[in-house]
Amino acid sequence: MTAATTPKGERRRAALVAAAGELLVEGGFESVRHRAVADRAHIPLAATTYYFESLGDLLANAVAYAGEHDAETVRERAAEVSRRRRGDGALARMLAAVFFACETPAQRSALVSRYERMVLCSRDAELVRVHARSRSVLADLHGEVLARSGRRADRRTVERLMAIEDGAALAALATDGADVERAVREALAVVVDDLALMPQ
């Protein structure tokens, strides 16, 4: 048994991953550095190179952690969606509220991080795979909200809706003072009836 697989080793590694993930969400990719992660986790600097093969390895774990945390937060909101048929306006509001809540600085930071990961992970094949897993979870959760709202929830429909959401969210995030949730809601309202049909 190596030190990394002992209970203490597993706790240390988990603490470093959590620290890296939190730094990623709060400050972006440039903030994930060995010393910053060690300081955040209150663990000696040498541990970051002991438990992780490289900065890339640490960053991949940070991306996975941030994606899982984002998905868990969305999952909690999705679980509160009641089962009832929703019209286009109500469904657009529900999707925007569940996936793009931006009422607090922490929520906005998490949303910014979601899109930073989407764009910046595209430069590295391993990070693309890591990010794709969290993206798949968000797609599953879209399907759940659609189904709870009495709508068709096949993967193609979900992917199209998410593409529209992404465009609206990115544009709003890049516009000073823009309301991201409102931008997504308004973009969805004009297409959701055509894409997410009510079952016959």
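Biologist: In which helix is T157 found?
Modeller: This is a predicted model, where local features need pLDDT of at least 70, side-chain atom pairs count only at pLDDT 80 or more, and totals for chains, interfaces and linings use all residues. Residues are numbered from 1 along each chain as its sequence is written, and side-chain values use heavy atoms, with hydrogens and water left out. Helices (DSSP runs of H or I, at least four residues) and strands (runs of E, at least two) are numbered from the N terminus. T157 is found in helix α8.

Biologist: Does T157 count as buried or exposed?
Modeller: Buried means under 20% relative accessible area, exposed means over 50%, and partly exposed lies in between (1.4 Å probe, protein chains only). The relative accessibility of T157 is 3%, so T157 counts as buried.

Biologist: Which residues does T157 touch, not counting residues up to four places away in sequence?
Modeller: A contact means heavy atoms within 4.5 Å. Leaving out residues up to four places away in sequence, T157 touches L146, R152, L195 and A196.

Biologist: How many helices does the protein chain have?
Modeller: From the N terminus on, the elements run α-α-α-α-α-α-α-α-α-α. There are zero strands, and the number of helices is 10.

Biologist: What share of the 200 residues of the protein chain counts as buried?
Modeller: The C-alpha atoms fill a box of roughly 60 × 40 × 30 Å, taken along the principal axes. Of the 200 residues in the chain, the buried share is 42%.

Biologist: Which residues have the most contacts inside the largest nonpolar core?
Modeller: A nonpolar core is a set of buried Ala, Val, Leu, Ile, Met, Phe, Trp, Tyr and Cys residues joined through side-chain atoms within 4.5 Å. In soluble globular proteins, nonpolar side chains tend to be buried together. The largest core here has 31 residues, and those with the most contacts inside it are L95, F99, F100, V180 and V184.

Biologist: Which element gives the largest share of this core?
Modeller: At least two core residues come from each of α4 (55-79), α5 (88-99), α6 (105-120), α7 (125-148), α8 (155-173), α9 (180-189) and α10 (192-195). The largest share is seven residues, and it comes from α8.

Biologist: Which elements do the buried residues of α5 pack against?
Modeller: The buried residues in α5 are A90, L91, A92, L95, A96, V98 and F99. They pack against α4, α6, α7, α8, α9 and α10.

Biologist: How far apart are the end C-alpha atoms of α5?
Modeller: The expected span of a helix is 1.5 Å times one less than its number of residues. The 12 residues of α5 should therefore span 16 Å, and the distance between its end C-alpha atoms agrees, at 16 Å.

Biologist: What is the volume of the largest cavity?
Modeller: On a 1 Å grid over the protein atoms alone, a cavity is a set of points where a 1.4 Å probe fits but cannot get out; a pocket is an open set with protein on both sides within 12 Å along at least five of seven lines; and lining residues have an atom within 4 Å of a point. Grid points are joined across faces, edges and corners, and a volume is the space filled by probe spheres set on the points. The structure holds one cavity of 30 Å³ or more. The volume of the largest cavity is about 50 Å³.

Biologist: Which residues line the largest cavity?
Modeller: Ala, Val, Leu, Ile, Met, Phe, Trp, Tyr, Cys and Pro count as nonpolar, Asp, Glu, Lys and Arg as charged, and the others, Gly among them, as polar. By these classes the lining has four nonpolar, one polar and four charged residues. They are F100, R114, Y115, R135, L138, H142, M162, E165 and D166.

Biologist: Which residues of the lining lie nearest the centre of the largest pocket?
Modeller: The volume of this pocket is about 290 Å³. Its lining has nine nonpolar, four polar and six charged residues. Of the 19 lining residues, those nearest the centre are H69, T73, A106, Q107 and A110.

Biologist: What is the phi of H42?
Modeller: H42 lies in the loop between α2 (34-41) and α3 (46-51). With 73% relative accessibility, H42 counts as exposed. Most residues other than glycine have a negative phi. H42 is not a glycine, yet its phi is positive, at about 60 degrees.
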